[in-house]
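Subject: Structure handover and notes

Hi,

Here is the structure I promised to pass on. Please open it beside this email, and then read through the notes below.

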Amino acid sequence: MAPDNNQGESLLEIFLFETAQNVQQLEESVLTAEREGRFSESEVNEVFRIMHTIKGSSAMMSFSEVAKLAHHMEDLFSYIRENHTARYDTHVVSDLILACVDYVGVQLDNIRAGAPVGQNDSAHLVKRIEALMAEMKGEGAPVPEPAARAVGRYKALIFFEEGCEMEDMRAYSCVLDIGKYATVIAHEPENILELGETTQAIREHGFTIRFETELPEHEVREKLMQTVFLRELDLAREDDVPGEAEDASEADGGEGAKRAGVRDSQYRQQQSIISVSVNKLDLMMDLMGELVIAKTMVAENPELAGMGGANFHKAAAQLSKIVSEMQELVMSMRLVPLSATFHRMYRIVRDMSGALGKDVRLQLIGEDTSVDKNVIEHIGDPLIHLVRNSIDHGIETPDEREAAGKPRQGTVTLEAESAGGNVLITISDDGKGLDRDKIMKRARENDLLTKPESEYSDREIYNMVFAPGFSTKEAVTEFSGRGVGLDVALSNIAAIGGSVSVESDPGVGMQVLLKIPLTIAILDGMNVSVGGTRMTVPISAISESFKPRAESILRDIEGNEMIMVRGECYAVMRLHRQWKLHTQVTDLTQGILMMVEQDGKKRCVFVDKLLGRQQIVVKALPTYLKKTPIAHCLSGLTLLSDGSISLILDAGWLVETNIKGYKKGGQFA
């Protein structure tokens, strides 16, 4: 019986989530084994377990090609696990597994996109697996017939983890798995294919299955313990073969029973953790934002000014404390460590090193640093581009490094650390660094220079590598030369309010520093007023604000307004002229200048007055606003304490956009 739409979609989401996690764990295990030069016993067991899980879940979802490939890979590692003297090339096995990982990843993408899942296109990988197993076994080597075993009858009572959902389908998957090595006699409940009707019964009373098999009890237990989301297992013999269970236990020194006891305990401990949909966390964050705004609207309600007594202020303070603690809790629930994103880079380093003939190792520091889930989604691609850039452009070949007096192996380092409301991520390498003259030459050819070359600082020159279409490669390769990648990285980082800066030491190496916000859902903002219109500027982008003195105001030769601050001259942007807003405050000495900084660039922004600092909840721009000419000036919108809407100005736009208002000669346009 086919599942209904809602249950089918939910089951598919679980499959995609679990399989993606398993694929990631598999890749990490393989790369670890390759660095160590061998597959340890624990890594062999881990690969076998993951492939067994992928096989079972794919078969349950009728993705036969994925299930078939996983089954053959499971056979390979079953052979390696059972034959400790088997000889194989770790690098060859790693290449094969990673090729299978890539195949499964492509199929998962197809499933998410609703595209057809590959049919018979895993055949070439299956043939590679079969050829490798034949080589490991020895061509033509006789395979001894297995000794006949007595058939035993078993009864298994299975309880799944709380909150795993779809217990009826998981029970059906158990029946399919057990049927591969045993004859299933009966199971309770019987009607598990009637979706939704037996779920609660299995949750409360467990799933009982009776079967016959030739396998000894310790092997049966080991296979059952691999059941996905298993919380508790009760396995008993139901036949009249006395002592076999004890013999099996004694055969492995009682280790099988010990392992089962340990794993039972581990599964019981896991029930204290449940998986929650990211969509639900997003909704909770939105509601938390609404609560913050509602709290502010009540506490700062002008109608209550002077009316509230001591009890009201005490209750308001208690409410603020509770809301603040709830907000911190909700935000912490969305925080995830950077380790998974960082570990993805091992594969990038491995593949590019082999393709370019370079010897490169990856060093990770501070991988446990946590950031918001939405931030993680924005920094994955930039990190890939930056790591590729370090390997392709920075790290030299082993012979070149040796000639320069360096170790033949180069190092790319990823480092993360928390800095208040931001996270700093550094991508550095010990390669040849950036060629200042080569960058300037290419900038001239691409017409990127906006001022005399002598006026450019090293930092400004190095940051040119992020310009769209910029590349110092003379020829296009598989990995670079087209001038795309770094500009995409910069755009993604800027989209979440982050910044990028580059430093380089010729012959020693280079480093790229990413400064990204801890979260993009809630941030501190400064509310400002311009001609009766209220706007918000992120506090992180404001270095200072001040009321200028007349003697500090000057104009350049083209009539553009400038302000002198501690011996440095900065351009002045009048927001009311940029957006053609009517205001009574036009004299710079009567308003406020905010010094806004982004990516090392600074500009003073003129507003009527500051309305105060407020923790704001960032809302996405509505569709109709995204189609307006001002969309590129904004990073979102928020609700103020009185319920009105305020536009959040994009810091990058504030420092980068052309200033309107003057023509050459000082005449106002």
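Helices (H or I, at least four residues) and strands (E, at least two) are DSSP runs, numbered from the N terminus. With that in hand, Thr341 sits in helix α13 (residues 339-356). Two points on the source: this is a predicted model, in which local features need pLDDT of at least 70 and side-chain atom pairs count only at pLDDT 80 or more, while totals for chains, interfaces and linings use all residues. Residues are numbered from 1 along each chain as its sequence is written, and side-chain values use heavy atoms, with hydrogens and water left out.

With a relative accessible area of 6%, Thr341 is buried (buried is under 20% relative accessible area, exposed over 50%, partly exposed in between, with a 1.4 Å probe and protein chains only). Not counting residues up to four places away in sequence, Thr341 touches Ile376, Gly380 and Leu383; contact means heavy atoms within 4.5 Å.

How do α13 and helix α14 (residues 373-394) cross? Their axes come within 10 Å and cross at roughly 30 degrees. Axes here are lines fitted to C-alpha atoms, for helices over the stretch in contact, and angles run from 0 to 180 degrees between N-to-C directions. The pair α13 and α14 is therefore roughly parallel (under 35 degrees; over 145 is roughly antiparallel, 65 to 115 roughly perpendicular and the rest oblique). The crossing of α13 past α14 is right-handed, meaning that the near helix is turned clockwise from the far one by less than a right angle, with anticlockwise being left-handed. Residues in this contact include Thr341, Met345 and Ile348 of α13, and Ile376, Gly380 and Leu383 of α14. By class, the contact of α13 with α14 has 11 nonpolar, 2 polar and 3 charged residues. Ala, Val, Leu, Ile, Met, Phe, Trp, Tyr, Cys and Pro count as nonpolar, Asp, Glu, Lys and Arg as charged, and the others, Gly among them, as polar.

Helix α2 and its two partners

Helix α3 (residues 64-82) packs on α2 at an angle of about 155 degrees, with the axes 8 Å apart. These two helices, α2 and α3, are therefore roughly antiparallel, and their crossing is left-handed. Among the residues that make the contact are Val47 and Phe48 of α2, and Met73 and Phe77 of α3.

The axes of α2 (residues 41-60) and helix α6 (residues 167-178) come within 10 Å and cross at roughly 115 degrees. That makes α2 roughly perpendicular to α6. Here His52, Gly56 and Met60 in α2 meet Met169, Ser173 and Asp177 in α6.

The nonpolar cores

A nonpolar core is a set of buried Ala, Val, Leu, Ile, Met, Phe, Trp, Tyr and Cys residues joined through side-chain atoms within 4.5 Å. The largest one has 92 residues, of which Leu76, Phe77, Ile97 and Ile425 touch the most other members. Helix α4 (residues 90-113) gives the most to this core, with 10 residues. Leaving out residues up to four places away in sequence, Ile97 touches Leu26, Val30, Phe39, Val47, Met73 and Phe77. A second, separate core of 27 residues includes Val537, Met573, Leu625 and Leu637.

A glycine to look at

Gly410 lies in strand β8 (residues 410-419) and counts as buried, at 0% relative accessibility. Beyond its neighbours within four places in sequence, Gly410 is in contact with Asp359, Val360, Arg361, Ile395, Arg401 and Asp430.

Best wishes
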